Amino acid sequence: MSQIHVSTTINGDEAEFLCDADETLLDVLRDRLGLTGSKEGCGTGDCGACSVTVDGRLVCSCLMLGAEADGREIGTIEGMAKGEELHPLQTKFLEHAALQCGICTPGFLVAAKSLLERNPKPTETEVRYWLAGNLCRCTGYDKIVRAVMDAAKDMRRA
Amino acid sequence: MRFESPQTTKDAAALLAGAKGKGRVLAGGTDLLVQMKSGMVAPDLIVDIKRIPAMKAIKAEKGGMRIGGGVPSAEMSEHAALSKGWPGVVESADLIGSTQIQGRATLAGNLCNASPAADSVPAMVAIGAKARVVGAKKRRDVLVEKIVTGPGKTSLAKDELVESILLPKRPPRSGDAYLRFIPRTEMDIAVAGAAVSLSLDTKGVCTDARVILGAVGPRIIDAKAAAKALIGSKVDKAALKKMEEACSAVARPIDDKRGTKEFRKHVVGVLARRAAQIALKRAKGSK
Ligand SMILES: Cc1cc2nc3c(=O)[nH]c(=O)nc-3n(C[C@H](O)[C@H](O)[C@H](O)COP(=O)(O)OP(=O)(O)OC[C@H]3O[C@@H](n4cnc5c(N)ncnc54)[C@H](O)[C@@H]3O)c2cc1C
Ligand code: FES
Ligand code: FES
C-alpha cells in the first residue's frame, strides 16, 4: 500500500509525515510524530482523551484520518504550555488536584481551553455540558469543573 | 484502501463510480471511522468531501437555507439565522454526541448512515427538507424521507452522494421542535424521538402540521393521524391529547434493555406533545 504524504501545521510549526490511508490522526501523532500527549482511551469517540483542535475546532483525533490533516492547523496538548510556563488551566488542574492517574487530563485541558476561547465566562452547567465528551474514571469530575471555573476567573482578570 | 479528497462533487461522484470494490464518502467520519475500526465496513476507497467548497457552505436560498454535506453541527449552532429559522433542526443536530463529535458530525452523514435513531432526520423530515443528490451523470433533488429505505440502507446509487440539504422557506407563523429521550443527560442514542412542525393562521388556528417519530421503528414514522389531530385546532389540550395518543398508537418500537416496548410507545407520545407545545410557542413568536 502506498503511503500518503501530508503537510500540516502542528502547534504552529510546520510538520510533514507519511501515513497509511486508514491511519487515524491520533496514531500519526503518537506513533509517527512522537507526540504522545494525546491519549487513546476508547478509539470510538466516547472518552475525549484524544481531543485536539483542527482549524480551531475541537475534535476527537481517533475519529479523523491522518490524511485529512493536509493543510490544516492542528493543536495538541504539547502546544499548551509556553516552554516552562504552564497554561493557567494546567496550573489550576495542579492546584485543585483535578487529576489522579492523568490519562484523561490532556483531553480535558485541550477541551477546556477550547471552551474558554469561545466563552470566557461559562457557568458550571456550560462547563459540564462542554466537557460531557471527556470521561474520567478517577476524579468524579468535581475537581476538574472547579479547576476550569477557577482558571476562567483568573484568565478574565489577566 | 485508497484515500481521495476531490475539489468538486462531480469528481467525487466520478471517483465513486469508478471505484473497484466498495467506495465510501467520508464527511465527519463519526460513524464511518467507528464502523471501519470495528470491521463492520472495509472500504477500498474513501472519498473525503470536505475540500469541496459547495459541501462546506451554509447559504441562504430563496428564503430557505442550504447546508453543505460537510458542514459540522457545531457550525450550524453558531449560525444565527439558521437557529432562528429552523430551531428544531438545529437543536436536533446539537444533540448528536459531545462537543468533539459536533465538531465533525454532519446532517448528511447522520442521514446517509441510516440509523433508525438518527436525531436530525425526524427534524429534517418534519420541515420538508430536500437533499441534493449528485451522481456521475445527473443531479436530483429529493425529499429527505426518500433517502433512507431501512436500517443502514439508502436509496443512493453507487456513484451518488448528498451535496447539500435544503431547509425550505418557512411559511409565516411556523415553528418546529425536536425532543428525544435518553437514559442519561448527554452522550447517548435516542430511545425515542419526536419532531413537530406546525403553521398557524392569523387567528392562531393550526393550518398545517407534521409529526415525525424516530427510534420507534425500523425507519422514521410519519404520524399522519397525530398531525391531523392538530390541524384545525388551536393546539389546545384536547388536540394535544389526541395527537399524543395517535403517536403512541402508531409507534412500532423494539424491546431492549434501554427501553421496553410499552415505555417507548408511551414516551414517544409525551415527547411529541411537548415538542408540539414548543413548536407552537415558536410559531406564535415568529412573523
Ligand atoms: C460518541 C458518539 C456519539 C454519537 N451520538 C449520536 C447522537 O446522539 N445522535 C445521533 O443521531 N448520532 C450520534 N452519533 C453518530 C454520528 O455522530 C452521527 O450519525 C453523525 O451525524 C454522522 O455524521 P458524519 O458526518 O460524521 O458521517 P460519516 O461518518 O462521515 O458518514 C456516515 C455514513 O454516511 C455516508 N455519508 C456521509 N456523508 C455523505 C454524503 N454527503 N453523501 C452520501 N453519503 C454520505 C458515509 O459514507 C457513511 O456511510 C454519535 C457518534 C459517536 C461516535
Ligand atoms: S480515544 Fe478518541 S474519544 Fe476515546
Ligand atoms: S484522572 Fe484518571 S481518568 Fe481522569
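A backbone N or O atom of B:Leu32 lies 2.7 Å from an oxygen atom of ligand 1 in this predicted model, a separation that falls within the limit for a polar contact (a pair of N or O atoms within 3.5 Å; within protein, one must be able to donate a hydrogen and the other to accept it, and residues adjacent in sequence count only if both atoms are side-chain atoms). Side chains of chain B also approach the ligand. An N or O atom in the side chain of B:Asn110 is 2.9 Å from an oxygen atom of ligand 1, and for the side chain of B:Arg180 the corresponding distance is 2.9 Å. Ligand 1 is placed between chains A and B. Around ligand 1 there are 36 residues, of which B:Arg24, B:Val25, B:Thr30, B:Asp31 and B:Thr106 come nearest; a residue is counted here if one of its heavy atoms lies within 4 Å of the molecule.

Residues are numbered from 1 along each chain as its sequence is written, while chains are lettered from A and ligands numbered from 1 in the order in which they are written. Because the model is predicted, local features need pLDDT of at least 70 and side-chain atom pairs count only at pLDDT 80 or more, whereas totals for chains, interfaces and linings use all residues, and side-chain values use heavy atoms, with hydrogens and water left out.

The two chains meet through 28 residues of chain B and 32 residues of chain A, contact being defined as heavy atoms within 4.5 Å. Between chain B and chain A about 2300 Å² is buried, and carbon and sulfur atoms give 59% of that area; buried area is the accessible area (1.4 Å probe) that two parts lose on being put together, summed over both. Across this interface there are 4 salt bridges, each a side-chain nitrogen of Lys or Arg within 4 Å of a carboxyl oxygen of Asp or Glu. A salt bridge joins the side chains of A:Arg118 and B:Glu78, at 3.2 Å from N to O. Polar contacts between chain B and chain A amount to 12 residue pairs, both residues at pLDDT 80 or more. On the side of chain B that touches chain A, two or more residues come from each of strand 1 (2-4), helix 2 (32-37), strand 3 (45-48), helix 3 (73-77) and helix 6 (99-102) of chain B; helices (H or I, at least four residues) and strands (E, at least two) are DSSP runs, numbered from the N terminus. Helix 2 of chain B gives the largest share of that side, 4 residues. By class, the side of chain B that touches chain A comprises 11 nonpolar, 8 polar and 9 charged residues, where Ala, Val, Leu, Ile, Met, Phe, Trp, Tyr, Cys and Pro count as nonpolar, Asp, Glu, Lys and Arg as charged, and the others, Gly among them, as polar.

Within chain B, the assignment gives domain 1 (56-167) and domain 2 (174-285); such bounds come from an automatic or database domain assignment. The centres of these two domains of chain B, taken over C-alpha atoms, are 20 Å apart. Their contact draws 24 residues from domain 1 of chain B and 20 residues from domain 2 of chain B. Together the two domains of chain B bury about 1800 Å², with 58% on carbon and sulfur atoms. This interface has 3 salt bridges. B:Arg210 and B:Glu145 form a salt bridge, their closest N and O atoms being 3.2 Å apart. The interface between the two domains of chain B also holds 12 residue pairs in polar contact, both at pLDDT 80 or more. Helix 5 (87-93), helix 8 (120-126) and strand 8 (148-150) of chain B each give two or more residues to the side of domain 1 that touches domain 2. That side of domain 1 of chain B has 14 nonpolar, 7 polar and 3 charged residues.

Chain A is likewise divided, into domain 1 (4-79) and domain 2 (88-157). A distance of 21 Å separates their centres, taken over C-alpha atoms. Domain 1 of chain A and domain 2 of chain A bury about 1000 Å² between them, 60% of it on carbon and sulfur atoms. Between these domains of chain A the count is 0 salt bridges.
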